[in-house]
Amino acid sequence: MTDTDLIVRVLTSEDQNAFAELVRRYQSPVRGFLARMTRGDTHLADDLAQETFVKAWQKLHTFRGSARFSTWLFGIAVNEFRTVVRQRKELAMEEIEDVVPEENHCAAEPPGQLRLDLTEALERLHSGERAAIVLCCQNGLTHEEAAQALDCPLGTVKTNVARGKEKLKRWLLGYQDYEPA
Amino acid sequence: MLREQNPYINDDGFTARVMTALPRRRQYYWLRRALLLGAAAIGTALAIRWLPWESLPAVDLSALLSLDFQAMAPWLSVALVGAAILWAVIAAVEWED
């Protein structure tokens, strides 16, 4: 069943199973996005994700269908994150400017280590850049969809994606020659 | 590389927790709008029926410009009633759950 079919079932028949299917489909990307935004605080990310789906349940009748359901859902998740940022200033921390780039590692570094450093590098980005990168590059949203979810101009999203990618490349430079065994 | 480093997160009961946390859906969200619009319509009808239109003075621009509130009082009452009705209509249309 498509997302639209499920949404229609929820709105017309109060079909909780249909909404549960929507939650199952999108729990991973939403939780993953919020985990990135909260800099790895998975408990907080899951709390925000749960609140995101509760809000989606309450506001489902306002979903117009002009955008993808995932875009609309990410928009709610962004608002939930911004709400908690107003309460917890450390989450709004700007990019750490004086980060010393990782030393160049030898080519024998395992993929697990690469994933850890990418996680660290993403956490060091400015929240706007991090959000744009995670939405566009990890979750496949177009720039236009990301701008809609983030409620910011398209140009800002494009700039944040470009700057974020540039910084990630610079910080991860030591891994570009990695070759698996 | 970014896509590859975005692993799937197992549900591990997350969906079940969300479903137990869902509030009872407000099935009648349209009722609030209907009540507000209904109240606005009744208020409009009563205002049209009961306001002393015959005793309203002619609009006096000089009194308006000189802010003569005593002269403008009847029209201020009409304006207040109109504003209240307009407020109810806007609230009904713009209400967000």
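Predicted model: local features only at pLDDT ≥ 70, side-chain atom pairs only at ≥ 80, totals over all residues.

Student: What follows helix 7 of chain A?
Tutor: Asp151(A) does, and its phi is positive, near 55°.

Student: Back to the packing. At what angle do helix 6 and helix 7 of chain A pack?
Tutor: About 135°, and their axes are 9 Å apart. That makes helix 6 of chain A oblique to helix 7 of chain A. The crossing of these two helices is right-handed.

Student: Which residues meet there, from helix 6 and helix 7 of chain A?
Tutor: Helix 6 of chain A brings Ala131(A), Ala132(A), Leu135(A) and Cys136(A), while helix 7 of chain A brings His143(A), Ala146(A), Ala149(A) and Leu150(A). By class, that contact has seven nonpolar residues, one polar and no charged ones.

Student: Zooming out, how many helices and strands does chain A have?
Tutor: Eight helices and zero strands. Buried residues make up 31% of its 181 residues. Take the contacts in chain A between residues at least 6 apart in sequence: 66% of them join residues at least 24 apart.

Student: And chain B, how many helices and strands there?
Tutor: Four helices and zero strands. In chain B, buried residues make up 3% of the 97 residues.

Student: What's the average pLDDT of chain B?
Tutor: Chain B averages 78, with 85% of the residues scoring at least 70.

Student: What ipTM and pTM does the predictor give the complex?
Tutor: An ipTM of 0.77 and a pTM of 0.68.

Student: Let's do the interface, then. How many residues of chain B are in contact with chain A?
Tutor: 18 residues of chain B, and they are in contact with 22 residues of chain A. Helix 1 of chain B gives the most to the chain B side, with six residues. By class, the side of chain B that touches chain A has 10 nonpolar, three polar and five charged residues.

Student: How do the axes of helix 2 of chain A and helix 1 of chain B cross?
Tutor: At roughly 135°, with the axes of helix 2 (residues 16-37) of chain A and helix 1 of chain B coming within 9 Å. That makes helix 2 of chain A oblique to helix 1 of chain B. Helix 2 of chain A passes helix 1 of chain B in a right-handed crossing.

Student: Which residues make that contact between helix 2 of chain A and helix 1 of chain B?
Tutor: On helix 2 of chain A, Gln16(A), Ala20(A), Val23(A), Arg24(A) and Gln27(A); on helix 1 of chain B, Phe14(B), Thr15(B), Val18(B) and Met19(B). They divide into five nonpolar, three polar and one charged.

Methods:
Residues numbered from 1 in each chain as written. Chains lettered and ligands numbered in written order. pLDDT = per-residue confidence, 0-100. Contact = placed C-beta atoms within 7 Å. Nonpolar A, V, L, I, M, F, W, Y, C, P; charged D, E, K, R; others polar. Buried ≥ 20, exposed ≤ 12 C-beta atoms within 10 Å, placed from the backbone. Axes fitted to C-alpha atoms, helices over the stretch in contact; angles between N-to-C directions. Parallel < 35°, antiparallel > 145°, perpendicular 65-115°, else oblique. Left-handed = near helix turned anticlockwise from the far one by under 90°.
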